[in-house]
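Please look at the sequence and the structure before reading on.

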Amino acid sequence: EGLWQLNDRYFWTTFRNNYWSFDIEPDPFDWKHNTYLAISHIAYLQKKLKLKDDVIMAYNCGEGAVMNRNIPAITQVYLARVNNNIKLLKQQ
C-alpha cells in the first residue's frame with residue numbers, strides 16, 4: 001500500500017506491530033508514515049540478510065523466499081532494475 005508499495009497483507013500486522021511506535025494509527029497513504037515503515041523494514045532486512053542484493057530481493061518477494069533461495073523470476077528483473085537505477089544515480 002502507498003508510496004513504497006508495502007504489502008497490505010502485512011501492513012496492519014507485521015509493519016505496524018514491529019516498526020510503528022507512535023500514538024496514532026499509521027496511514028499507508030501518508031508519505032511520511034509509509035516511508036518510515038518502509039525504511040524500518042529495509043533496516044530490519046539489512047540486519048538479517050547483510051547482502052545488498054538479498055535485501056533488495058527480500059523487499060520485493062519476502063525474506064523467506066530469499067532465505068530459501070526460492071526467488072521468483074520477476075524479482076530477478078526487479079533486482080536488475082534497482083541495481084541499474086543505483087548505478088545511474090551514482091553516475092550523476
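The model is predicted: local features need pLDDT of at least 70, side-chain atom pairs count only at pLDDT 80 or more, and totals for chains, interfaces and linings use all residues. Residues are numbered from 1 along each chain as its sequence is written, and side-chain values use heavy atoms, with hydrogens and water left out.

**Helix α3**

Helices (H or I, at least four residues) are DSSP runs numbered from the N terminus. Helix α3 covers residues 52-61, and D54, V55, I56, M57, A58 and Y59 in this helix are buried. Buried means under 20% relative accessible area, exposed means over 50%, and partly exposed lies in between (1.4 Å probe, protein chains only). The buried residues of α3 pack against α2 (31-49), α4 (63-67) and α5 (73-91); contact here means heavy atoms within 4.5 Å. Just after α3, G62 adopts a positive phi of about 105 degrees.

**Salt bridges**

The structure contains three salt bridges. A salt bridge is a side-chain nitrogen of Lys or Arg within 4 Å of a carboxyl oxygen of Asp or Glu.

| Pair | N to O distance |
|---|---|
| E63 and K48 | 2.7 Å |
| D54 and R69 | 3.1 Å |
| K52 and D53 | 3.7 Å |

What does the salt bridge between D54 and R69 tie together? The side chains of D54 and R69 meet in this salt bridge. D54 lies in helix α3 and R69 in the loop between α4 and α5, so the pair ties together parts that are 15 residues apart in sequence. D54 counts as buried because its relative accessibility is 9%.

The side chains of E63 and K48 also form a salt bridge. Since E63 belongs to helix α4 and K48 to helix α2, this pair ties together parts that are 15 residues apart in sequence. K48 has 40% relative accessibility and therefore counts as partly exposed.

In the salt bridge of K52 with D53, K52 is partly exposed at a relative accessible area of 47%, and D53 counts as partly exposed at 32% relative accessibility.

**A nonpolar surface patch**

Which residues form a nonpolar patch on the surface? F22, I24 and Y36 do so, with about 290 Å² of accessible area together. Patches are made of residues with over 30% relative accessible area and no salt bridge; like charges are joined within 9 Å and nonpolar side chains (Val, Leu, Ile, Met, Phe, Trp, Tyr) within 5 Å. Accessible areas come from the Shrake-Rupley method with a 1.4 Å probe, and for residues only the protein chains shown count as cover. Y36 is located in helix α2 and counts as partly exposed because its relative accessibility is 34%.

Note on methods. Helix = DSSP H or I, 4+ residues; strand = E, 2+ residues; numbered from the N terminus.
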